[in-house]
Amino acid sequence: SCRFNDEAALEAEVNGNWTPQEKALHEARLKAKAKRRVRKSSSRSESLSESLSGELADGDSYSSKGKVPVPNDRKSRTGKGRGLPKKGGAGGKGVWGAAGMVYEVEEPDAKDPNYDEVAQGDTVYATVVPEVDERELEKTVNPIVREYFEHGDTKEVQMLLKELNLGHHKYEFSSLAVSLSLEGKASHRELTSRLLRDLVGKVLSDSDMARAFDKILKELPDLMLDTPEAPQMLGQFIARAIADHALPMAFLDRYKGKVDCDHARAALDRAAVLLSMKREMVRLDNVWGVGGGLRPVKHLVKEMNFLLKEYLVSGEVKEAERCLRDLEVPHFHHELVYEAVVMVLESKGDTAVKMCKLLQAFWKIGLITVDQMNRGFQRVYDELPEINLDVPHAHSIMESFTDLCYQESVITKQLRDSCPSRGRKRFVSEGDGGLIKN
């Protein structure tokens, strides 16, 4: 029936008997028929597109250019495309890239979920030490230096510094060590000079050492607030470092005529004088003296003998106390007790009373401990037979001196009672009033 209607409509068109309504209905049918053809057709031939566009030229357009969209067409439908294939022809499913493209070797990423640590070969672990912050530098270095003053082992300090990452603040270790020693004892300054000598070439360079002393010279006004003798001490440090080859000799030459600070000038002048006096010596070993336990025993015995003899002449307990403290050997104070008792045995007059007064003063201020006092007296007890060969009345003098010390609360009753006696052989007659026989 549809075919009959089309034929009838065509005959009516030929005869020219179409009404306007019939004509519009006919055009709509043609459009629907063309649309069905496009949907069913899978061909993209240009002839089909032109034929369809020709048929629809006087109708509404389905695209911006008046073309009917072709199914599975990858070209832009907005008309803004360049007409090139997507991704340059290198895209699509199962495609690795454009033909002839060469990819570089991709490094394995440890954060990749498929990363296999075993497949990467041997793993090397490196310990990364963060650089010490400038604000924490002093808190880190000061304990190392103070412990070194106790043990005196430069190799341990070298090991600790190698474990730290001081970075470009490495030179400041030397300046901090010198500043701490200026506030300490002569033995501390001697240990610091030895430390600087051993660190150069192993942990620090001579340029690092020069920077450290440059900084200390600038800080001299502040250091003098706590240590008024800082310029002279710093001059001795510089001279000792140059003699030990820790500082270059040109260090002093750099400052000639260029120093405005009076304190820095005094320090450099002191160093120059010491180096000119000791030019023939390799090292200025005696610039600080040898302090504390670093002194030879014979030297300490000699110093204590001189101290006691000077006291017997002057009678000044304070001066004797100062001299004993300067020796810095509290563990060796029993030698002072021993030497004092031997002097009493070998001397005459009021030596026993003076020595008892000195020992009593040292006992009260805690300069000589109970252990040191007992040890000194016990050494004399042990050597009394030998002393008696040179001093025939040593036993009786020893007994009277121990009684005097006990009465003045210098020694304990137990120590007094342990004093050896000669038994039946007596040198003092009961009828002579306690006088020793000639």
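Visitor: Where does glutamate 106 lie?
Guide: In this predicted model, glutamate 106 lies in the loop between α3 (46–55) and α4 (134–151).

Visitor: Why is glutamate 106 called exposed?
Guide: Its relative accessibility is 71%. The word exposed applies over 50%, so glutamate 106 counts as exposed.

Visitor: What makes the surroundings of Glu106 a patch of negative charge?
Guide: Glu106, Glu107, Asp109 and Asp112 gather on the surface. Asp and Glu count as negative, and like charges are joined into a patch when they lie within 9 Å. The four residues therefore form a patch of negative charge.

Visitor: How many helices and strands does the protein chain have?
Guide: The chain has 19 helices and 0 strands. Buried residues make up 34% of its 438 residues.

Visitor: What share of the contacts joins residues 24 or more positions apart?
Guide: Among contacts with a separation of 6 or more, such residues account for 68%.

Visitor: How many salt bridges does the structure hold?
Guide: The structure holds 16 salt bridges. One of them joins the side chains of aspartate 208 and lysine 170.

Visitor: How do you know that aspartate 208 and lysine 170 meet in a salt bridge?
Guide: The distance from N to O is 3.8 Å. The cut-off is within 4 Å, so the pair qualifies as a salt bridge. The pair links distant parts of the chain, 38 residues apart: aspartate 208 belongs to helix α8 (residues 206–218), and lysine 170 to the loop between α5 (154–163) and α6 (172–182).

Visitor: Why is aspartate 208 called buried, and why is lysine 170 called partly exposed?
Guide: Aspartate 208 has a relative accessible area of 11%. Buried means under 20%, so aspartate 208 is buried. Lysine 170 has a relative accessible area of 30%, which lies between the cut-offs of 20% and 50%; lysine 170 is therefore partly exposed.

Visitor: What separates aspartate 326 and arginine 322 along their helix?
Guide: They are 4 residues apart in helix α14 (residues 317–327), which means a separation of about one helical turn.

Visitor: Which residues are linked in a network of salt bridges?
Guide: Glu190, Arg194, Arg240 and Asp244 are linked in such a network.

Visitor: What makes the phi of histidine 245 worth a remark?
Guide: Most residues other than glycine have a negative phi. Histidine 245 has a positive phi, near 65 degrees. Histidine 245 lies in the loop between α10 (230–243) and α11 (250–254), and is exposed, with a relative accessible area of 63%.

Visitor: What is the phi of serine 409, and where is this residue found?
Guide: The phi of serine 409 is near 60 degrees, a positive value in a residue other than glycine. Serine 409 is found in the loop between α18 (394–407) and α19 (413–417).

Notes:
Residues are numbered from 1 along each chain as its sequence is written. This is a predicted model: local features need pLDDT of at least 70, side-chain atom pairs count only at pLDDT 80 or more; totals for chains, interfaces and linings use all residues. Side-chain values use heavy atoms; hydrogens and water are left out. Helices (H or I, at least four residues) and strands (E, at least two) are DSSP runs, numbered from the N terminus. Buried means under 20% relative accessible area, exposed over 50%, partly exposed in between (1.4 Å probe, protein chains only). Contact means heavy atoms within 4.5 Å. Patches are made of residues with over 30% relative accessible area and no salt bridge: like charges are joined within 9 Å, nonpolar side chains (Val, Leu, Ile, Met, Phe, Trp, Tyr) within 5 Å. Accessible areas come from the Shrake-Rupley method with a 1.4 Å probe; for residues, only the protein chains shown count as cover. The place of a charge is taken as NZ of Lys, CZ of Arg, CG of Asp or CD of Glu.
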